[in-house]
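Me: I've got a structure open and could use a quick tour. Can we go through it in short steps?

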Amino acid sequence: MSRGMIDDGLNELPASKRTSQRLPTFQVLDHQESAIDYQLPPIIHHPSSIIPPLTPFPVTLIAAVSDDGFISRGQGVPWDLPDDRAHFRERTLGRWLLVGRRTYEEMIGWFHNHQPLVLSTDAGFAPAIGTRVATVEAAIQIASDAGAGELMVLGGGQVFAATMPLATRLDLTLVHTRLGTGIPFPAVDPGVWRQVQSRPREADAAHRFSFTFTEWERAPGHGSEA
Ligand SMILES: NC(=O)c1ccc[n+]([C@@H]2O[C@H](COP(=O)([O-])OP(=O)(O)OC[C@H]3O[C@@H](n4cnc5c(N)ncnc54)[C@H](OP(=O)(O)O)[C@@H]3O)[C@@H](O)[C@H]2O)c1
């Protein structure tokens, strides 16, 4: 048989149904045993069709929370716990940090060794230390692009509320006192979060309240909504 082409007829559609892309054809080659060599069209990867990774970027919320779920009465942290401050310093050392504009203004003297990402809707706001970000997603992108293994969220209340759905880990110091009112930490749903660490600390002369260092991970099957 001489070398030739057998068109399957699909390329002979009426003009109204034709596309600019030529449909596959079967080639009959006289030197082949199978006689048919099906030519697959080339696969083109479009950036928009790339499936995002299933693993969310690690986001840890670190906070000190009263037994009734508050982080502040409205201004400043409502307890003085040197061991918790040391814990906070140690956990945040060398990390990428995200902080709300209000908490940033309260903490500004603390950021000697950090360049925090400061969340603010105000495009004119230029923090003296660190970088303003307009959205939580932008902060995650910056940390991820920089090769960070994790973004740590320092609060305050608004920022904890905005990042809780994306959080993968919680580092919570539970302070055993009740504030009654104030700025709440978002509810920690026991169906979504499982406690993986608990380390109690008694009150003493330097610590008016007892407290417990706790760590929480998202339970399997409750992936962040990132
Ligand atoms: N106990 C603890 O562990 C702890 C930890 C941290 C803070 N705190 C306390 O929390 C209090 C502050 O909390 P807060 O809720 O009032 O303020 P905040 O969360 O620190 O900051 C609020 C500001 O952040 C910006 N912001 C928040 N969510 C945003 C979003 N989704 N997109 C863009 N910008 C956003 C806005 O800034 P613009 O107004 O500039 O747009 C907003 O006014 C303080 O009393 C502080 O001491 C306690």
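Reply: Here is a short chat about the fold, the core and the ligand site.

Me: What kind of model is it, and how are residues numbered?

Reply: This is a predicted model: local features need pLDDT of at least 70, side-chain atom pairs count only at pLDDT 80 or more, and totals for chains, interfaces and linings use all residues. Residues are numbered from 1 along each chain as its sequence is written.

Me: How many helices and strands are there?

Reply: The protein chain has four helices and 13 strands. Helices (H or I, at least four residues) and strands (E, at least two) are DSSP runs, numbered from the N terminus.

Me: In what order do the strands of the open sheet sit?

Reply: Eight strands make it, in the order S8-S7-S6-S9-S4-S10-S13-S12, with mixed pairing. Two strands pair if DSSP finds at least two bridges between them. The edge strands are S8 (131-133) and S12 (193-201), and each pairs on one side only. On average, neighbouring strands are turned by 25° against each other, direction ignored.

Me: Which way do S6 and S7 pair?

Reply: S6 (residues 96-100) and S7 (residues 117-119) pair in the parallel sense over three bridges. Gly100 stands opposite Leu119 in S7.

Me: And S10 with S13?

Reply: Those two run antiparallel, joined by seven bridges. Leu172 has Thr214 in S13 as its bridge partner. S12 and S13 are also paired in the antiparallel sense, over eight bridges. There, Gln197 stands opposite Glu215 in S13.

Me: What does helix H1 touch?

Reply: H1 (residues 82-92) packs on the sheet and touches S4, S6, S9 (151-153), S10 (169-175), S12 and S13 (211-218). Its direction makes about 175° with that of S4. Axes are lines fitted to C-alpha atoms, for helices over the stretch in contact, and angles run from 0 to 180 degrees between N-to-C directions. Helix H3 (residues 136-145) lies across S4, S6, S7, S8 and S9, at about 170° to S7.

Me: New topic. Which residues touch the most others in the largest nonpolar core?

Reply: Of its 39 residues, they are Ala63, Leu98, Ala139, Leu151 and Val153. The largest share, six residues, comes from strand S4 (residues 59-66). A nonpolar core is a set of buried Ala, Val, Leu, Ile, Met, Phe, Trp, Tyr and Cys residues joined through C-beta atoms within 7 Å.

Me: What does Leu151 touch?

Reply: Leaving out residues up to four places away in sequence, Leu151 touches Phe57, Val59, Trp96, Leu98, Ala139, Ile140 and Ala143. Contact means that the C-beta atoms, placed from the backbone, lie within 7 Å.

Me: Which residues come nearest to the ligand?

Reply: Of the 28 residues around the ligand, Gly100, Thr103, Gly155, Gly156 and Gly157 come nearest. A residue is near a molecule or strand if its C-beta atom, placed from the backbone, lies within 6 Å of it. S4, S5 (70-72), H2 (101-107) and H4 (157-163) each give two or more residues to this shell.

Me: Where is Gly156?

Reply: Gly156 is in the loop between S9 and H4. A cis peptide bond joins Gly155 and Gly156, with omega about 5°.

Me: Last one. Why does Ala161 count as partly exposed?

Reply: Ala161 counts as partly exposed because it has 15 C-beta neighbours inside 10 Å. A residue is buried if 20 or more other C-beta atoms lie within 10 Å of its own, exposed if 12 or fewer, and partly exposed in between; C-beta atoms are placed from the backbone. Ala161 lies in helix H4.

How values were computed: Contact = placed C-beta atoms within 7 Å.
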